[in-house]
Amino acid sequence: MKADRPLRVWPLAARVLVRPGPVLRSLAAHGPLPSWQAVFLRFSLPLVLTSVILSQWLYGLMPPALPPESVPDPVGFGVYSVLAMTVGVAGLTLSAHYLVELFQGPAGPERAAMAVTLGLVPAWLGNVVAAFPWPWGNGLALALILYSLALLYVALRELLGLKPGNRIGLWAATLFSGAFITLVFGWALMDLIPGAAPELRLGTTWLI
């Protein structure tokens, strides 16, 4: 990846899915990355919106096998999903950025934001394929989420320049802190979004 080549969200997301190692190493040597605000607006937000819009469209074509009264309003659930995913991106980014010095890595919010954004690409794709009928949709979505966990590790390792002994530690700490922030805010957001009544929500349906 040449230093003067502009970074574009869709080619970058597609390449990181199939060739994560070379793409991330090339990105690490790319030179100055866009600011974390630009990473969010140009990369994270388009991916989140696309994931939610496509998944809600597919759920409209293939309604889930749930009691009608427990199916949330698609617009409300879409808004909730965007908010929850955005909180997830912010939580993981903040966690990686503020914990990286503890693990002796170079600080830089833009690198943390890019690592989290690219690491979550498979999970956002999993959100889309989860709309397909069970068990194929759910099984493939789970596989993509597991791939996302591994890709996040590689992205943090390559973009934050961690020493070998500190990589697992930062990855685990980032996941724990980011997941905690997402669960706290995601759970609070559920009651603000119209849709299925709280007593009718099935398990973690509203948190996925």
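Visitor: What share of the contacts in the chain with a separation of 6 or more comes from residues 24 or more positions apart?
Guide: Keep in mind that this is a predicted model. Take the contacts in the chain with a separation of 6 or more, and pick out those between residues 24 or more positions apart. Their share is 75%.

Visitor: How many helices does the chain have?
Guide: Reading from the N terminus on, the elements run α-α-α-α-α-α-α-α. There are 0 strands, and the helix count is 8.

Visitor: And how much of the chain counts as buried?
Guide: A residue is buried here if its relative accessible area is under 20%. The chain has 208 residues, and the part that counts as buried is 44%.

Visitor: Which residues touch the most other members of the largest nonpolar core?
Guide: That core holds 41 residues. Helix 1, helix 2, helix 3, helix 4, helix 5, helix 6, helix 7 and helix 8 each give two or more residues to this core, and the largest share, 7 residues, comes from helix 7. The residues touching the most other members are Leu24 and Met114.

Visitor: Let's stay with Met114. Which residues does Met114 touch, leaving out those up to four places away in sequence?
Guide: Met114 is one of the buried residues of helix 5. Setting aside residues up to four places away in sequence, its partners are Leu7, Leu12, Leu27, Leu33, Val39, Phe43 and Leu159.

Visitor: Is helix 5 mostly covered or mostly open, and how many of its residues are buried?
Guide: Helix 5 is mostly covered. The cover over its buried residues includes helix 1, helix 2, helix 3, helix 4, helix 6 and helix 7. Ala112, Val116 and Gly119 are among the buried ones, and the count is 8 of 11 residues.

Visitor: What about helix 1 and helix 2: at what angle do their axes cross?
Guide: Two packed helices are described by the angle and the distance between their axes. Helix 1 covers residues 9-18 and helix 2 covers residues 20-28. Their axes come within 6 Å, and the crossing angle is roughly 130°.

Visitor: How many charged residues are in the contact of helix 1 with helix 2?
Guide: From helix 1, Leu12, Arg15, Val16, Leu17 and Val18 meet Pro20, Val23 and Leu24 in helix 2. By class, the contact has 7 nonpolar and no polar residues, and the charged count is 1.

Conventions
Residues numbered from 1 in each chain as written. Predicted model: local features only at pLDDT ≥ 70, side-chain atom pairs only at ≥ 80, totals over all residues. Heavy atoms only, no water. Axes fitted to C-alpha atoms, helices over the stretch in contact; angles between N-to-C directions. Helix = DSSP H or I, 4+ residues; strand = E, 2+ residues; numbered from the N terminus. Contact = heavy atoms within 4.5 Å. Nonpolar A, V, L, I, M, F, W, Y, C, P; charged D, E, K, R; others polar. Buried < 20%, exposed > 50% of the residue type's maximum accessible area, 1.4 Å probe, protein only. Core = buried A, V, L, I, M, F, W, Y, C linked by side-chain atoms within 4.5 Å.
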